[in-house]
Structures are given as C-alpha cells and as structure tokens.
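Student: Let us go through some labels and ask what stands behind each one.

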Amino acid sequence: MWRVKSESVGRRFLLLSTLGCALMLGAAWAPGAATSVQAASAPAVSAPAASSQTAAPQDAGSPQEIQVITRAGQKQMLAKPGVDAVGAHDPDVIVVEYFDYNCPFCKQLVPTLHALLEQEPKIAILYKDWPILGDVSVYAATCALAAGYQGKYQVAHDALISGPRLAHNEQVDTILGNAGVNMDALKKDRVSHAKEIAALLERNDIEAHALALDGTPGLVIGRQLVPGIADVKYLKGLVANSRHIK
C-alpha cells in the first residue's frame, strides 16, 4: 500500500481538512430514480485509511443514491490537475477517474470509458493517478507523469492501463519504450521533476481520501461520485444528470 511520507503528515492533514470542507457530499438519485437532481446537506467527508483493495462494480441495472460534491470542491479538483484531459476541448461535463495501473477493475473500465467518449463527444475525461496497490504501481504512475514532460502522458497511460498486470519496474520500462516513449528523457525527467511528481501524487491521494474512496477506480462525473465501475448506459445517464445539476 502506498503511504504518504511521515514528514508531510502535517501539511497533508491541513490540505485534507481544507479539501474535505470543500467536498461536501449530498445524496442524489442515480439515473431513472428522478427527473431532477437535488443535493442534500451532509457533513464534511472524513478521511479513511488508504486501502489496497479495488472497488466492486456498481449495480448499473437499478436506481440508487449517489453522492454529489459541491461546486467549490469540483473547482478545486479540476484546477491545475498536472495532466491534460482527453476528449472535447471545451467540455460541458468532465469525468474524473482515480485509478491504479494494476487495478483489474480499472483495466476493465478502459473500453467503457472509450465508448463513453465516442458516444458523448462533448465530454472530457481527466485521469488522476492514485497508486495504492504497491511499489510497482507507484513506479508506473511516476513514469507516466514523467512522460508528460515529453508530451506523452496519454501515450504512457494508455499503454500501461491497457497492458498486463505489472510485476516489476523493468516491465513498466519495456511497455513504455515499446509505446514510443523516450526512456532516456523519461529517466531524467523523473529525477529533475521528482518534487512536482510527488506533489501531484500526494494531491491525488488527498483528494481520493476527501472523497472517501476506499479503492480504485473512483469516478466523479460532473459532480457525481461513482465508487467502482458501471456500464456505458449507466455512465451516460450520469452525464445527462450532470447537465442538470446546478
């Protein structure tokens, strides 16, 4: 399990407290349960311990209550994310995914998200690396983010998330090299931008805890929180809901 270094605990608690206040969660009905969505008041999100488990799939066949974050929380989540979103350049709905490259459910979700992009051309997807499944996951995330400095974050992301389970660091290097990433440049960028990469991963971890996610994947569609996976029809319903949430 990936843990934040002890020397950053004070800063991490402060950031988590601030973000937790911004990410006030309220209940909202999933698609099919109501024609309009209203957020109810709720206490600030608590911070559970990091989990090494992946989230179970959502039951996309029946309506259920979901959680809605505040506009302030959404704004904070989307501000300077460190990577570019994929999809529409001026999206009306942004889907955020907290993921781990070794999470089997995250890999299972890949074709679903691709289909969602194809069927909803006005949306964009923002990927947030949240490596909680071991050292190789952390290495893969840092490599993917380092690849961003040569303009190839998405190339690295797609290669790693669509590939096999990662057992060792050398496997990560091979996959990225075969995908066309300049590994010499990546290794230099991992060192020269180590602080920025570590800060981004810490930020993503803080956000995931503020959202009370206990595993990967975690999706935020517009302002609606979906812990786990679901089919395209269900996600399209949430996209439609997002366009009506004020």
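Tutor: Tyr127 has 6% relative accessibility, so Tyr127 counts as buried (buried is under 20% relative accessible area, exposed over 50%, partly exposed in between, with a 1.4 Å probe and protein chains only). This is a predicted model: local features need pLDDT of at least 70, side-chain atom pairs count only at pLDDT 80 or more, and totals for chains, interfaces and linings use all residues. Residues are numbered from 1 along each chain as its sequence is written, and side-chain values use heavy atoms, without hydrogens and water.

Student: What makes Phe99 buried or exposed?

Tutor: Its relative accessible area is 1%, so Phe99 is buried.

Student: How many aromatic pairs does a search of the whole structure find?

Tutor: Two. Rings of Phe, Tyr and Trp (its six-membered ring) pair if their centres lie within 6.5 Å; planes under 30 degrees apart are stacked, over 60 edge-to-face, the rest tilted.

Student: Why is the pair of Phe99 and Tyr101 called edge-to-face?

Tutor: The centres are 4.9 Å apart and the planes stand at 80°, so the pair is edge-to-face. Phe99 also pairs with Tyr127, edge-to-face, at 6.1 Å centre to centre and 85° between the planes.

Student: Why does the pair of Phe99 and Tyr127 tie together parts that are apart in sequence?

Tutor: Phe99 lies in strand 4 (residues 93–99) and Tyr127 in strand 5 (residues 123–129), so the parts tied together are 28 residues apart in sequence. Strands are DSSP runs of E, at least two residues, and helices of H or I, at least four, numbered from the N terminus.

Student: What makes a cluster here?

Tutor: Ring pairs link Phe99, Tyr101 and Tyr127.
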